[in-house]
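The following explanation leads the reader through contacts between chains and the relation between chain copies. Please keep the sequence and the structure in view while reading.

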6 protein chains.
Amino acid sequence: MKVAICRKENFNAAHRLHNPDWSDEKNRTVFGKCNNPNYHGHNYELIVKVTGQPDAETGFVYDASQLKELIRENITKKFDHKNLNLDTDEFKKLNPTAENIAMVIWHILRSKIDPKLDLKIILYETERNFVEFPAN
Amino acid sequence: MKVAICRKENFNAAHRLHNPDWSDEKNRTVFGKCNNPNYHGHNYELIVKVTGQPDAETGFVYDASQLKELIRENITKKFDHKNLNLDTDEFKKLNPTAENIAMVIWHILRSKIDPKLDLKIILYETERNFVEFPAN
Amino acid sequence: MKVAICRKENFNAAHRLHNPDWSDEKNRTVFGKCNNPNYHGHNYELIVKVTGQPDAETGFVYDASQLKELIRENITKKFDHKNLNLDTDEFKKLNPTAENIAMVIWHILRSKIDPKLDLKIILYETERNFVEFPAN
Amino acid sequence: MKVAICRKENFNAAHRLHNPDWSDEKNRTVFGKCNNPNYHGHNYELIVKVTGQPDAETGFVYDASQLKELIRENITKKFDHKNLNLDTDEFKKLNPTAENIAMVIWHILRSKIDPKLDLKIILYETERNFVEFPAN
Amino acid sequence: MKVAICRKENFNAAHRLHNPDWSDEKNRTVFGKCNNPNYHGHNYELIVKVTGQPDAETGFVYDASQLKELIRENITKKFDHKNLNLDTDEFKKLNPTAENIAMVIWHILRSKIDPKLDLKIILYETERNFVEFPAN
Amino acid sequence: MKVAICRKENFNAAHRLHNPDWSDEKNRTVFGKCNNPNYHGHNYELIVKVTGQPDAETGFVYDASQLKELIRENITKKFDHKNLNLDTDEFKKLNPTAENIAMVIWHILRSKIDPKLDLKIILYETERNFVEFPAN
């Protein structure tokens with residue numbers, strides 16, 4: 001049986017939902033107020049969950065301080081106080097829905113964490129809207 | 001790998017735990033203060049979790065605004081500011097425990113959501129008591 | 001300069017807003033869904049704030065364990081898992097709005113606490129609606 | 001002694017802190033990452049607190065449903081899913097710090113609420129940064 | 001399909017992360033400020049999740065009041081207001097990381113709960129660091 | 001009219017309530033489980049509230065980033081992951097009740113903040129017990 005260790009971090013960003021292959025009218029219809037041309041923003045709450053066997057000597061699956069630093073170095077520094085559509089390479093062509101942001105974060109962190117450990121991302125866009133990836 | 005999108009909504013309702021096949025004394029013993037004849041109440045917090053593949057054009061598994069409307073139309077309108085035992089058909093003969101309320105909500109919403117998508121209900125009766133259905 | 005010590009407790013109750021001097025129609029118009037004849041309910045969160053000088057020997061303004069017991073004995077026992085309109089003397093003739101519940105709690109506790117200490121009640125009816133008494 | 005009734009609402013907006021009378025360098029030094037030219041954003045949590053005497057017939061200082069509607073009509077509709085700097089008249093020339101946003105909201109609502117009632121605004125920019133106006 | 005019932009309880013404890021097989025220097029390097037010789041402490045939030053079929057007569061998977069008592073009798077009484085390293089048998093030789101505390105709690109409760117029911121522990125060491133056992 | 005800006009920070013510490021002028025028995029009677037000789041601990045949540053006039057050029061009463069740094073430099077560094085009774089000068093002879101900790105923090109920060117600005121400390125020992133200093 002495995003143990004999961006979770007770390008919560010935050011970033012504050014602007015974004016706009018928009019599909020460039022669609023007309024402005026279709027974008028407004030589908031994305032509603034999230035399509036506002038001048039962007040809007042969120043306090044994103046990010047939970048990174050790492051699952052595996054605790055190390056016999058430390059009792060840690062993953063040192064929470066190191067997990068904090070890994071997230072800050074690779075995710076927070078990139079997305080915090082940024083405009084996701086304009087300031088990041090990841091969302092230049094990818095619509096920054098909560099689902100897509102969670103998958104992008106997963107791919108960034110997956111390559112930095114031992115493959116023996118499982119990785120899941122939970123991302124709160126607001127207190128009432130949140131996503132999980134991967135979800136089983 | 002799938003993505004889950006979750007939406008949190010609320011409803012405030014009165015209820016009473018009671019098994020009509022039992023004596024009043026047995027009801028009091030088993031359900032304690034939750035058996036109070038004149039009812040008591042809760043601020044129920046409901047999380048609806050829908051799991052599937054994000055749509056390639058929108059980046060959504062399920063549009064959070066539509067999920068909000070689906071919940072409000074089918075669940076909140078039915079249960080909010082109601083007496084679950086007296087004002088709803090669902091709990092006329094079914095004991096309104098958190099477990100049963102979660103299963104009732106799941107059955108109502110299951111028929112409204114594409115069968116390709118998985119559905120899970122999380123229901124907080126209080127900050128300290130909550131249930132999940134289905135739980136794996 | 002004084003110090004305030006606050007203690008949070010909870011109770012779950014059913015209630016109905018209704019003015020017996022009004023017609024049913026006026027009650028429905030003014031109180032809306034809160035006038036539902038069969039009641040609805042809430043998880044009330046109660047904060048009791050006591051302000052004064054810390055005792056030189058204990059460093060306490062008021063022992064938090066004693067404040068917890070005072071609230072449980074005088075407030076929780078009376079209101080928890082009850083129908084405020086039917087099961088309590090206080091709201092037999094008084095409309096159980098959050099404002100009135102807070103004032104009733106204040107009067108009950110005021111007589112139990114040393115007059116040298118100031119007393120304030122904060123009562124959350126929901127996460128989004130709450131009251132304070134007295135408010136300066 | 002008066003009673004206060006509080007209502008919490010939310011809006012999600014983009015903003016940028018910037019003083020046009022300063023050089024870009026001074027703006028960066030003073031406002032740091034909050035000066036990002038392409039904006040960033042927040043989930044603002046707004047608490048509106050109205051203080052006065054409860055009405056003898058209703059038991060309300062201010063009907064919470066009406067307060068909700070007042071906030072949604074006058075504040076949420078104006079600021080939600082907007083870029084405060086670009087999409088609103090209020091912050092075309094006023095730096096949208098939390099302090100200034102709270103004062104702007106206070107002035108908008110003050111004219112809509114009976115002068116016999118006191119009004120206070122509490123605004124959370126993040127879970128860790130929040131402001132009150134007026135503060136005594 | 002099964003239902004899960006969850007109960008949240010709390011305990012406040014002191015602890016120190018330390019591996020007696022290591023030098024003081026290695027302990028300081030690996031455990032950082034958590035290795036402080038005079039201990040530090042946390043408000044632990046514990047969620048116990050029990051999964052199974054609801055009973056046909058009660059509608060309960062597990063009576064939440066009985067789950068509360070089970071946790072208080074077996075876990076809270078043992079760990080609350082204690083120094084985990086000095087005052088408990090469980091952590092005399094086992095490093096009290098969140099992972100290890102969750103596994104210890106799971107083993108204590110597992111023997112008290114019907115084997116037909118699944119058991120999971122979620123333990124918050126802080127609002128930002130938490131663990132799950134078992135994690136699938 | 002003034003504006004208040006609040007910043008929330010955290011520290012995790014061990015402590016023990018004890019009056020050395022009393023017998024062990026009296027200490028146990030008055031302080032109960034908080035008198036445990038081997039200490040227990042808490043996740044303290046600290047809110048620092050600074051009240052004054054916003055600066056005309058910045059729109060800040062106090063720059064929230066500078067307030068964060070001020071708290072971390074003067075409070076968190078001193079108390080986080082420490083035993084308040086053994087590791088700090090402030091509580092060598094002063095009982096570390098929440099009331100006393102709040103007053104100590106206020107005195108430390110008062111000397112670092114412009115006297116034109118008002119200062120208040122709110123300190124959560126647990127989610128249910130918290131104090132304010134000064135309280136009016």
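**Contacts and symmetry between the chains**

Lys33(D) forms a salt bridge with Asp80(A), and their closest N and O atoms lie 2.8 Å apart; a salt bridge here is a side-chain nitrogen of Lys or Arg within 4 Å of a carboxyl oxygen of Asp or Glu. By this rule, two salt bridges are found across the interface of chain D and chain A. The model is predicted, so local features need pLDDT of at least 70 and side-chain atom pairs count only at pLDDT 80 or more, while totals for chains, interfaces and linings use all residues. Residues are numbered from 1 along each chain as its sequence is written, chains are lettered from A and ligands numbered from 1 in the order in which they are written, and side-chain values use heavy atoms, with hydrogens and water left out.

Between chain D and chain A, 19 residue pairs are in polar contact, both residues being at pLDDT 80 or more. A polar contact is a pair of N or O atoms within 3.5 Å; within protein, one must be able to donate a hydrogen and the other to accept it, and residues adjacent in sequence count only if both atoms are side-chain atoms. The side of chain D that touches chain A draws at least two residues from each of strand S1 (2–15), strand S2 (40–52), strand S3 (82–83) and helix H3 (84–87). Helices (H or I, at least four residues) and strands (E, at least two) are DSSP runs, numbered from the N terminus. S2(D) gives the most to this side, with five residues.

In total, 22 residues of chain D are in contact (heavy atoms within 4.5 Å) with 22 residues of chain A. About 1,700 Å² is buried between the two chains, 45% of it given by carbon and sulfur atoms; buried area is the accessible area (1.4 Å probe) that two parts lose on being put together, summed over both. In chain D, Asn38(D), Asn43(D) and His81(D) lose the most area to chain A, together 35% of what that side buries.

The relation between copies comes next. Chain D is superposed on chain F by a rotation of 120° with 0.0 Å of shift along its axis (RMSD 0.0 Å), using least squares on the C-alpha atoms of residues with pLDDT of at least 70 in both. The two copies are thus related as by a three-fold rotation axis. In chain D, the C-alpha nearest the axis belongs to Asn136(D), 5.8 Å from it.
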